[in-house]
Amino acid sequence: MDAIYPQTQDFIGSDIHQTALIPFALVAQQLDHFASRISLSISLFAVCSRERKLERGRTKREKMAMWVFGYGSLIWKAGFNYDDRVVGFIKGYRRVFYQGSTDHRGTPEYPGRTVTLEPADGEVCWGVAYKISKKEDQEVALTYLEVREKQYDEKAYLDFFTDPAATTPAVSGVMVYIGSPDKRHNQNYLGPAPLEEIAKQIFYAEGPSGPNRDYLFHLESALLQIGCKDKHVIDLANNVRRIRPETGLADS
């Protein structure tokens, strides 16, 4: 009996030792798998966190961006740095050659005519919107525009659309310079007149920026390039082309 016990004990001890190794190996494998999953989760969390930060940054920059709507010479000549140029329109206004120009396309003695905006229910005014993101570019652009558009007495912040079927604007708060009809604040406002009279004034007016008729023809061309046929502009341009310089009258 005594001789049997050591063998039995060795057998039992060996069996227990081997049996104990199995769960430890499984536990080690599970821990290794769990650690891998934790590492992967941490990596995914870091990626998602970076994406969220980037998205917040993009959203913040979008909110801080300045947008300027051009419906006249700004369409073909911005004069400042910008990040994007988008063709579109504003609602409830129409473009009219009612603003006098004594600093660009005319003189105080013989004012030219440039476009301003007139409220008009159900109408739209096509043009381009410029997006300016960088703070330093915004400051330079605003300083430049305040000089360039100094004879326009109002700044409005309007909704800008790119799709005629859309009810939601592509951009809200787009800055627009307007020459109002209030002569107390806008001494250069000329207002409506017969088409032939406006055409004759534009034909002969000239200022530091060049002939008034060049402004009209550039505007007509720029609008056609963005797919806009503005009847007021086209009719006026055609009338100016027919004027005979020697008489100041339009050919019939």
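**Entry 1: the second largest pocket**

I began with the lining of the second largest pocket, and I sorted its residues into four nonpolar, one polar and six charged. I kept in mind that this is a predicted model. The pocket holds about 150 Å³ of space. I then listed the residues lining it: Arg-94, Arg-95, Glu-123, Val-124, Cys-125, Trp-126, Cys-228, Lys-229, Asp-230, Lys-231 and His-232. Strand 2, strand 3 and helix 5 (231-241) each give two or more of them. Strand 3 has the largest share, at four residues.

How many disulfides does the structure hold? I found zero. Cys-125 is in no disulfide, and its nearest cysteine sulfur, in Cys-228, is 7.3 Å away. A disulfide needs the sulfurs within 2.5 Å, so 7.3 Å is too far for a bond.

**Entry 2: the largest pocket**

I moved on to the largest pocket, which has a volume of about 420 Å³. Its lining has 25 residues, and closest to the centre I noted Ser-73, His-104, Arg-148, Glu-149 and Tyr-215. By class, I see nine nonpolar, ten polar and six charged residues in this lining. Which elements supply at least two residues here? They are strand 1 (66-70), strand 2 (84-101), strand 3 (112-132) and helix 2 (135-148). Strand 2 gives the most, with three residues.

Methods. Residues numbered from 1 in each chain as written. Predicted model: local features only at pLDDT ≥ 70, side-chain atom pairs only at ≥ 80, totals over all residues. Heavy atoms only, no water. 1 Å grid on protein atoms, 1.4 Å probe; cavity = no way out; pocket = protein on both sides within 12 Å on 5 of 7 lines; lining within 4 Å. Points joined across faces, edges and corners; volume = space filled by probe spheres on them. Nonpolar A, V, L, I, M, F, W, Y, C, P; charged D, E, K, R; others polar.
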